[in-house]
Amino acid sequence: MNNIKIKLKIFFLILTAASVPMWGENISVSQLDTSGMFISSTIDCYVRITDSDGQPVELADPESSIKMGQLEDKKTVPLTVLGIEKNSESSEGVTFLLLIDNSGSMYEPAEGDPETERITAALRAASAFFSSLDPEKDRGGIAVFNRDFRLLSEPGENFNSSAGLLSTINKPEKEESFTELYYTVAKAAGELGKRAGRKAIILLSDGENYPYFSNTGKEHPVLGSRNYLPEQASEALSENEVTLYAVNFSREKDIPLAGLAVSSGGRVFDASDESELTGVYENIRKSITGEYRIKVRVPVSLSKTPSIEAVLDEEHRDSMTYSTALIFGSGHVESVKPAVILLIAGFAAWAALFFIRLEKEAVHAELTQLMAGKGRGKALEKTILLSSPNTVIGGSGSADYTITGIPEIKDSHATIVRDEKTESFTLVSSQEVRVNNRPVRKKVLNPGDVINIEGATMVFDAPEKTEDK
């Protein structure tokens with residue numbers, strides 16, 4: 001058995017070395033975010049450009065350097081790039097979930113610092129990591145695992161509360177001192193799957209998967225007689241669009257865990273003491289903030305699993321698969337064709353808007369931003385009256401209708417022009433917006449029209465016109 005493990009480790013090291021470019025720049029797709037696919041037919045693709053040492057590289061002209069395409073039936077369809085920016089310059093920030101191994105072996109001395117228990121070094125490094133996040137836009141949460149998975153705090157903007165919970169972590173009882181590694185990854189992915197944007201799991205472990213049932217013969221409190229497999233963890237990461245970063249905190253390493261991290265768009269690190277662990281966390285944070293977020297418009301795909309490809313040059317390219325079923329909010333829709341899903345979802349959206357209009361008949365022309373889609377303001381639903389000759393919609397605070405939280409929206413993105421004689425309203429924009437899911441630059445609006453501007457969803461309503469008898 002030991003010989004097999006040694007051979008596997010050697011194989012993995014060779015594989016890892018072979019995947020690192022010997023010169024030049026490399027490109028990797030870290031994550032896809034398909035949350036805007038149904039609303040605006042867009043996907044955010046997070047791309048990492050690195051040098052031969054794996055350090056982030058900033059391109060002089062990323063717009064012309066990176067080409068995007070969709071792979072389907074062995075053909076590449078070029079995709080329209082709607083916007084590109086560094087994660088560090090984005091207002092959306094990153095959602096981190098830090099997972100800390102709290103099995104019995106974590107209370108043994110750290111290999112690089114025999115005077116300090118591994119758990120002590122891990123908690124100090126975690127506290128330093130939270131303090132390095134941007135309180136204006138990043139979100140951070142923490143969970144511990146052994147036999148059980150325990151979420152101490154959901155990812156939020158109050159890092160002090162998460163860091164404060166680190167002191168509540170105690171040594172587990174003997175019955176809990178196991179390592180359900182793959183179950184933990186799947187559970188954490190599910191926690192982050194509810195969120196949009198860039199999201200990452202950072203998992204610290206000092207050993208291999210050591211499941212409760214197979215090592216005790218007793219049923220697990222949650223899993224019963226099941227043992228979670230790496231394949232199940234991989235599916236959870238893919239379906240929830242989460243990147244895994246694995247940190248080995250001892251010489252004992254779980255080989256499948258490394259594969260899970262790499263296949264999800266993440267990386268694998270080694271650390272032996274608090275100093276090295278703090279450096280690893282900082283490396284991960286800088287790697288993610290140094291990525292490019294590329295928004296692309298995607299066509300409707302008849303494939304269940306098309307891929308988005310990012311190309312730097314002929315030798316440096318990478319792709320990641322997404323599920324068309326994800327537009328319906330779940331990766332488990334396998335038997336329904338994408339076209340049918342679109343039809344059902346479209347009908348549901350139409351029905352919802354229909355009932356919204358029946359709830360209260362419009363007395364004046366008005367514009368309402370719905371909870372669906374992107375954009376945020378002081379309220380989840382915001383309505384303004386269209387009483388001016390020109391109503392400017394944009395990201396600027398001086399606009400008549402300001403939409404925040406979407407960097408792609410211009411200061412003055414579109415204007416609704418009112419014709420006082422006919423009491424008609426016309427939407428005008430210098431760039432394409434979508435009305436009832438059709439791209440337009442100018443359109444006379446009718447009551448119930450759905451306007452989508454870079455993911456922000458609004459409904460135009462007005463009193464029904466009556467003809468004079």
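The protein chain has a mean pLDDT of 83, and 81% of its residues reach 70 or more.

This is a predicted model: local features need pLDDT of at least 70, side-chain atom pairs count only at pLDDT 80 or more, and totals for chains, interfaces and linings use all residues. Residues are numbered from 1 along each chain as its sequence is written, and side-chain values use heavy atoms, with hydrogens and water left out.

## Nonpolar cores

A nonpolar core is a set of buried Ala, Val, Leu, Ile, Met, Phe, Trp, Tyr and Cys residues joined through side-chain atoms within 4.5 Å; buried means under 20% relative accessible area (1.4 Å probe, protein chains only). The largest core has 33 residues, of which Ile-100, Ile-202, Leu-204, Val-247, Leu-277 and Tyr-281 touch the most other members. Helix 4 gives the largest share, eight residues. Helices (H or I, at least four residues) are DSSP runs, numbered from the N terminus.

Apart from this core lies another, of 26 residues, including Leu-99 and Leu-237.

## Helix 6 and helix 9

The axes (lines fitted to C-alpha atoms over the stretch in contact) of helix 6 (residues 181-192) and helix 9 (residues 255-263) come within 11 Å and cross at roughly 20°. The two helices are therefore roughly parallel, a term for angles under 35 degrees. Leu-181, Tyr-182 and Val-185 of helix 6 meet Pro-256, Leu-257 and Leu-260 of helix 9.

Technical notes: pLDDT = per-residue confidence, 0-100. Buried < 20%, exposed > 50% of the residue type's maximum accessible area, 1.4 Å probe, protein only. Axes fitted to C-alpha atoms, helices over the stretch in contact; angles between N-to-C directions. Parallel < 35°, antiparallel > 145°, perpendicular 65-115°, else oblique. Contact = heavy atoms within 4.5 Å.
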